[in-house]
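I open this notebook to record what I looked up in the structure.

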Amino acid sequence: MGSAISTALRWLRKHAIIIIGLLIIAYIMLPNIVVIIFSFNQPVGRRNGIWHEFSFNAWTHICAPAGMCDAVGLSLGIGVVAALVATVIGTMAAFALVRYRFRGRGTTNLLVFFPMATPEVVMGSSLLTLFIAVGVRSGIATILIAHILFTLSFVVTTVKARVASMDPALEQAAADLYATPSQAFWRVTFPLAAPGIAAGALLAFALSFDDYIVTSFNAGPSTITFPMYIWGAAQKGVPVQVNVIGTIMFLGAIAIVAIAQGIGSRKSKVEA
Amino acid sequence: MAFALPGARPRKSAKRRRGLFVPAILLLPALIWLVFFFVVPTIALASQSLQTGSIYQGFQFTWAFSNYTEALSTYWSQMVRSFIYAASATVFTLAIGFPLAWFIAHRSGRFKNIVLVLVVAPFFTNFLIRTLAWQTILVDGGFVANVMKATGITGFLNWIGLVPNDSLLGSPFAVICGLIYNFLPFMVLPLYTSVERIDQRYLDAAADLYSNGWNTFWKVIWPLSLPGVVAGTLLTFIPAVGDYINAKILGNANTTMVGKVIESEFLVNLNYPIAAALSFVLMIIIIVMVSAYVRAAGTEELV
């Protein structure tokens, strides 16, 4: 009896971190599972908070709520453009910051860090103050400016970490083998940095697509992004279709990463 | 997944190169963006906070420091509340995030990448949708509410003032839970990159030298994780202070945070000077706290 308990305790002790880890994963997944389940709900009234009846209705009529699909389209567009611009200029900056020593490098690093250390509400309001002072109307352009700004720092830090972990000797080897600087960059440096750049771009897109606070300060009356649409709808009851979009984005993200993972592991197998 | 956030990786010695031309060209677009859309707006904000007037008559710069005293005397409770909520949320996020990061880095085996994806994937289900889902989970008479009531947890939370009306929704408890949940990935990712590089043999060595689990954690694991802890706590605490989505969706009028006040003063009352003053105070407090914190933690490699 005593030995059974002590065996059980020993087993628990040995596997504690795994049990705790799995519990936390379950906690992280819980709201997402609720979102998925309630995308099949047919609620009574406008509030999709209490389970009533199973239905594919929201899945077959995704764009039924007025303006929702336009909002999703706008958010996707803004996310792609913001991520693209932030990734290009952020990657350039990351290379400069890791590979070169110059005066003002510390200040530049600090300047890159500051937007991450600024609450969204401060960033949104200061940009709005500028736009008002200059007399710029809020709209897609102002949203893009804001989104590129707050995603830029995340791209720079992500790519910087990757570039810093790369061995400069590989590029020297390329140069020794008579590669031109551009050949060395595109055939050696860039492929090595690519996972970091891709992670930065994905993070930038996710942050942009997810953002409500900064956007609410810099959006015009006709530029309703998806988070703004949800916020507006939350007052009177969010349509079930919002859960459908959430589910699609969630599963889509997992699929993208799984595919990227597959490509990565096949590549490493080939190289091995 | 090569996610790495500030402080995650010690810099390798970069090669010293001559000439400023190439780095200048590479940095130019990012610098232009940061200067024109971050530095200049911050100056505009500081200037706005010292102006008087109204949206209809126009604003004049008058060194109106009275805006600050007015803003703080009216809204000091929301300001203090925001810092208390964000600090409590950060402590709990660290407590949840650390074992998770350790589990992913050292115990998840070949499922490592899948688990990492599960941690990041909620990013893609919208922040607002997730928070609304918590509304469904914590609803009165729901499973969670019933279990917490039956086990006396609600009673305890009521006693310490976190659930004032016996209803989980609309309580500080729900708001802090929302903050913990929503910012957990920002804690876990930098922690993971730090923790992942801790060599298992250090722990064996500690055990060989008769260190118990407690000592091994505080003398070996914790110091080596510090860069990740600092980066993670900053990336959780800072956005949490300014957040008002959780307070709005999961709280009530008594849980309003300063972000909401700034938003209403700016976008509803069009009282730009007061809103700018509050915004600027928030920024200054955070900068002071962050510098003190980074210095105390001794992780100069943060940026």
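Entry 1: The model is a predicted one. I located Tyr210(B) in the loop between helix H8 (200-208) and helix H9 (213-242) of chain B. Its phi is near 60°, a positive value in a residue other than glycine. I recall that most residues other than glycine have a negative phi.

I then turned to Tyr178(A), whose phi is near 65°, again positive in a residue other than glycine. Tyr178(A) sits in the loop between helix H7 (168-176) and H8 of chain A. Tyr178(A) counts as exposed, because it has 8 C-beta neighbours inside 10 Å.

**Entry 2: a residue of chain B.** I looked up Ala276(B) and found it in helix H12 (residues 272-297) of chain B. Is Ala276(B) buried or exposed? Ala276(B) counts as buried, because there are 30 C-beta neighbours inside 10 Å, and the cut-off for burial is 20 or more. Leaving aside residues up to four places away in sequence, I listed its contacts as Ser125(A), Thr129(A), Leu45(B), Gln48(B) and Ser49(B). For Leu45(B) I noted a separation from Ala276(B) of 231 residues in sequence, against 5.7 Å from C-alpha to C-alpha in space.

**Entry 3: the two chains.** I recorded 83 residues of chain A in contact with 82 residues of chain B. On the chain A side, the elements that give two or more residues include helix H1 (2-38), helix H3 (68-99), helix H6 (140-164) and helix H11 (240-271). Which element gives the most to this side? H1(A) does, with 14 residues. By class, I found 61 nonpolar, 17 polar and five charged residues on the side of chain A that touches chain B.

**Entry 4: a helix pair in chain A.** I examined H6(A) and H8(A), whose axes come within 8 Å and cross at roughly 155°. The two helices are therefore roughly antiparallel to each other, the cut-off being an angle over 145 degrees. I noted the crossing of H6(A) and H8(A) as right-handed. Among the residues that H6(A) brings to the contact are His147(A), Phe150(A), Phe154(A) and Arg162(A); those from H8(A) include Pro195(A), Gly196(A), Gly200(A) and Leu207(A). By class, I recorded 13 nonpolar, six polar and one charged residues in the contact of H6(A) with H8(A).

Terms used. Residues are numbered from 1 along each chain as its sequence is written. Chains are lettered from A and ligands numbered from 1 in the order in which they are written. This is a predicted model: local features need pLDDT of at least 70, side-chain atom pairs count only at pLDDT 80 or more; totals for chains, interfaces and linings use all residues. Two residues are in contact if their C-beta atoms, placed from the backbone, lie within 7 Å. Helices (H or I, at least four residues) and strands (E, at least two) are DSSP runs, numbered from the N terminus. Ala, Val, Leu, Ile, Met, Phe, Trp, Tyr, Cys and Pro count as nonpolar, Asp, Glu, Lys and Arg as charged, and the others, Gly among them, as polar. Axes are lines fitted to C-alpha atoms, for helices over the stretch in contact, and angles run from 0 to 180 degrees between N-to-C directions. Angles under 35 degrees count as roughly parallel, over 145 as roughly antiparallel, 65 to 115 as roughly perpendicular and the rest as oblique. A crossing is left-handed if the near helix is turned anticlockwise from the far one by less than a right angle, and right-handed if clockwise. A residue is buried if 20 or more other C-beta atoms lie within 10 Å of its own, exposed if 12 or fewer, and partly exposed in between; C-beta atoms are placed from the backbone.
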